[in-house]
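This report walks through one model, helix by helix. Look at the sequence and the fold first, then read on.

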Amino acid sequence: MTALLLPLFASLMSISSVMVALPAIEEGLSATSSDLQWVLSGYALAFGIGLVPAGRAGDLWGRRRMFLAGVAVFGLTSLIAAFSINPQMLNVMRIFMGLGSSMLVPQIIGMIQRLFTGSARGRAYGLMSTVIGLAVALGPLIAGVLIDFAPADFGWRIVFLVNVPVVGIGLLAAFLWLPAPHDDDAPAALPPGS
């Protein structure tokens, strides 16, 4: 569960934490109000559009493989976003962060369904729901503290950088602990006539 929930926490925290960072982004990158709207909506749009195709891709190509790819995309684009030199670069990275997040989230649900049974499955989903609530609730608080204590023009960058170690630990844990059942890593058989 640690391997699954650390990246989930970072990806959902990134939705709410960036709201607090908007004034600092506006100042640091001379962003317009349109740029700032895309910082928020680009992530949400990419996340929403990518969920269903990513879930199906996990069915076809393996949930573990898609989860690892999603975590890597989210972590790498968080790192690049932190060093954006203009609003356009930041917005492109936010879109890719949303896509990475959409790749990993459906796999978590599928892996919990596969790896847990009975009451253990209920506890796993309960823990996942708790992490979702905490990530969204703590995002603004964490971002506010980071921005307050960081040097000027670096605070908003730390809001993105904080994802990198969390995702890195999650990625390492996933490589070490997530089982790779033969039937999960093999492509799913398509029904006749597909």
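Is the crossing of helix 2 and helix 3 left-handed or right-handed? The crossing of helix 2 and helix 3 is right-handed. A crossing counts as right-handed if the near helix is turned clockwise from the far one by less than a right angle, and as left-handed if anticlockwise.

The model is predicted: local features need pLDDT of at least 70, side-chain atom pairs count only at pLDDT 80 or more, and totals for chains, interfaces and linings use all residues. Residues are numbered from 1 along each chain as its sequence is written, and side-chain values use heavy atoms, with hydrogens and water left out. Helices (H or I, at least four residues) are DSSP runs, numbered from the N terminus.

**Helix pairs**

Two packed helices are described by the angle between their axes and the distance between the axes. Here the axes are lines fitted to C-alpha atoms, over the stretch in contact, and angles run from 0 to 180 degrees between N-to-C directions.

| Pair | Angle | Axis distance |
|---|---|---|
| helix 1 and helix 5 | about 40° | 7 Å |
| helix 2 and helix 3 | about 150° | 8 Å |
| helix 3 and helix 7 | roughly 160° | within 9 Å |

Helix 2 is therefore roughly antiparallel to helix 3. Helix 3 is also roughly antiparallel to helix 7. That crossing, of helix 3 and helix 7, is left-handed. Helix 1, by its angle, is oblique to helix 5. The cut-offs are these: under 35 degrees is roughly parallel, over 145 roughly antiparallel, 65 to 115 roughly perpendicular, and the rest oblique.

Helix 1 passes helix 5 in a right-handed crossing. Their contact holds 19 nonpolar residues, four polar and no charged. In this count, Ala, Val, Leu, Ile, Met, Phe, Trp, Tyr, Cys and Pro are nonpolar, Asp, Glu, Lys and Arg are charged, and the others, Gly among them, are polar.

**Two bent helices**

Helix 1 bends by about 55° at Ala21, and Pro23 follows within four residues. The bend at a residue is the angle between axes fitted to the seven residues ending there and the seven starting there. Helix 1 spans only 35 Å between its end C-alpha atoms, whereas a straight helix of 28 residues would span 40 Å. The expected span is 1.5 Å times one less than the number of residues.

Helix 5 has a kink of about 40° at Leu138, shortly before Pro140. Yet helix 5, with 32 residues, reaches 46 Å from its first C-alpha to its last, close to the 46 Å expected. Several residues of helix 5 are buried, including Ala124, Met128, Val131 and Gly139. Buried means under 20% relative accessible area, exposed over 50%, and partly exposed in between (1.4 Å probe, protein chains only).

**Loops and exposed residues**

Ser30 sits in the loop between helix 1 (2–29) and helix 2 (33–61). What is the phi of Ser30? The phi of Ser30 is near 50°, a positive value in a residue other than glycine. Most residues other than glycine have a negative phi. Ser30 counts as exposed because its relative accessible area is 61%.

Ile85 lies in the loop between helix 3 (63–82) and helix 4 (87–115). At a relative accessible area of 67%, Ile85 is exposed. The C-alpha atoms of Ile85 and Pro23 are separated by 16 Å, though the two residues are 62 residues apart along the chain.

Phe175 belongs to helix 7. Its relative accessibility is 51%, so Phe175 counts as exposed. The C-alpha atoms of Phe175 and Ser41 are separated by 31 Å.
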